[in-house]
Amino acid sequence: MKSLKKVVLFSVISSAFAFAPSPVPAARYGQLSTSLDMGITLYGSQGSRSPLVNWGASEVGVSLVMGDLSKNPHPFGQIPALTDDDGVLVFESGAILQYIYSKGATDKDSSSRKAAITSWIQWANASLDPICFLETPEGKVYDTGLKNPNKRIDKLDAILSKQEYLVEGGFSLADVAIASYLLYVPQFFKGVDLSRWPNVVQYMKRCAERPAYGKAFGSEVQQYLIQSCDSMGGDGEGGDKKKLFGVF
């Protein structure tokens, strides 16, 4: 990653996750291997949704190898896509996260925790995605809905005022799904102010600080987002107060 500015610019002018950007080395994701001959293989690239899969896999102890994008098996040529032994093919980031969850250490999770994680992963794709990313009829992202008040995000803020993470029992792939989309917003739309939702911003910062997030998205992106959250009140201070003192 040559510079964060280039990452942000690339992300904004791309079709916001729709089609595969140029391949990047697997090491950029902080993953273990580039071998393609066995195991779970992820087809993805920075500037797309695929790093959230790397993040999730790392959190639950599932090893991935990065696939050759010229051999991407996604039926629409998009990323991410994932393959596994026995002819398994999974596409759509939420479905991939769900599959990763099924391959991780889930035996200790209660039925209620499993159901909650599944529900939040689905909510991220079905409800949060169209709030975070406003699209043209052609599917090109042109802005974020988080520049304006939103009742669903108000409710999310209220939930996070009472708990650090979304599901009882601590951090989970539910948080990977939700926090990834939220954190894409200040990365792709520089200068956006989410301080109207202070608990959401503090939640975003907690998630961005996780070591596995930095490995998946890159340390420069991680630090930029942590600083962005701080400027919006993620450090526990009011965003407007911080900006006021930042003038002097």
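Which residue's side chain does the side chain of Asp129 meet in a salt bridge? The partner is Arg49, with an N to O distance of 2.6 Å. A salt bridge is here a side-chain nitrogen of Lys or Arg within 4 Å of a carboxyl oxygen of Asp or Glu.

## Basis of the description

This is a predicted model, in which local features need pLDDT of at least 70 and side-chain atom pairs count only at pLDDT 80 or more, while totals for chains, interfaces and linings use all residues. Residues are numbered from 1 along each chain as its sequence is written, and side-chain values use heavy atoms, with hydrogens and water left out.

## The chain as a whole

The protein chain contains 10 helices and six strands. Of its 248 residues, 51% count as buried. Buried means under 20% relative accessible area, exposed over 50%, and partly exposed in between, with a 1.4 Å probe and protein chains only.

The accessible surface of the protein chain comes to about 11,800 Å², and carbon and sulfur atoms account for 53% of that surface. Accessible areas come from the Shrake-Rupley method with a 1.4 Å probe; for residues, only the protein chains shown count as cover. Among contacts (heavy atoms within 4.5 Å) between residues at least 6 apart in sequence, 69% join residues at least 24 apart.

## Packing of α6 and α7

Helix α6 (residues 173-188) packs with helix α7 (residues 198-208) at an angle of about 105°, their axes being 10 Å apart. That angle makes α6 roughly perpendicular to α7, a term for angles of 65 to 115 degrees. Axes are lines fitted to C-alpha atoms, for helices over the stretch in contact, and angles run from 0 to 180 degrees between N-to-C directions.

On the α6 side, Asp175, Ile178, Ala179, Leu182, Leu183 and Pro186 take part; they meet Val200, Tyr203, Met204, Cys207 and Ala208 in α7. By class, this contact of α6 with α7 has 10 nonpolar, no polar and one charged residues. Ala, Val, Leu, Ile, Met, Phe, Trp, Tyr, Cys and Pro count as nonpolar, Asp, Glu, Lys and Arg as charged, and the others, Gly among them, as polar.

## Leu128 in α4

Leu128 lies in helix α4 (residues 111-132) and is buried, with a relative accessible area of 0%. Leaving aside neighbours within four places in sequence, Leu128 is in contact with Trp123, Ile153, Ile178, Tyr181 and Leu182. The C-alpha atoms of Leu128 and Leu182 are separated by 8.4 Å, although the two residues are 54 residues apart along the chain.

## Salt bridges

Side chains of opposite charge can pair when their charged atoms come close. The count of salt bridges comes to seven. One of them joins Asp129 and Arg49. This pair links distant parts of the chain, with Asp129 in helix α4 and Arg49 in the loop between β1 (41-43) and α2 (50-60), 80 residues apart. Asp129 is buried at 12% relative accessible area, and Arg49 is buried at 11%.

The side chains of Arg210 and Glu59 also meet in a salt bridge (2.8 Å, N to O). Arg210 lies in the loop between α7 and α8 (211-217) and Glu59 in helix α2, so the pair ties together parts 151 residues apart in sequence. Arg210 is partly exposed at 22%, as is Glu59 at 24%. Asp143 forms a salt bridge with Lys147, the closest N and O atoms being 2.9 Å apart, and Lys147 is partly exposed at 43% relative accessibility. Lys205, Glu209 and Asp230 are linked in a network of salt bridges.

Conventions
Helices (H or I, at least four residues) and strands (E, at least two) are DSSP runs, numbered from the N terminus. Angles under 35 degrees count as roughly parallel, over 145 as roughly antiparallel, 65 to 115 as roughly perpendicular and the rest as oblique.
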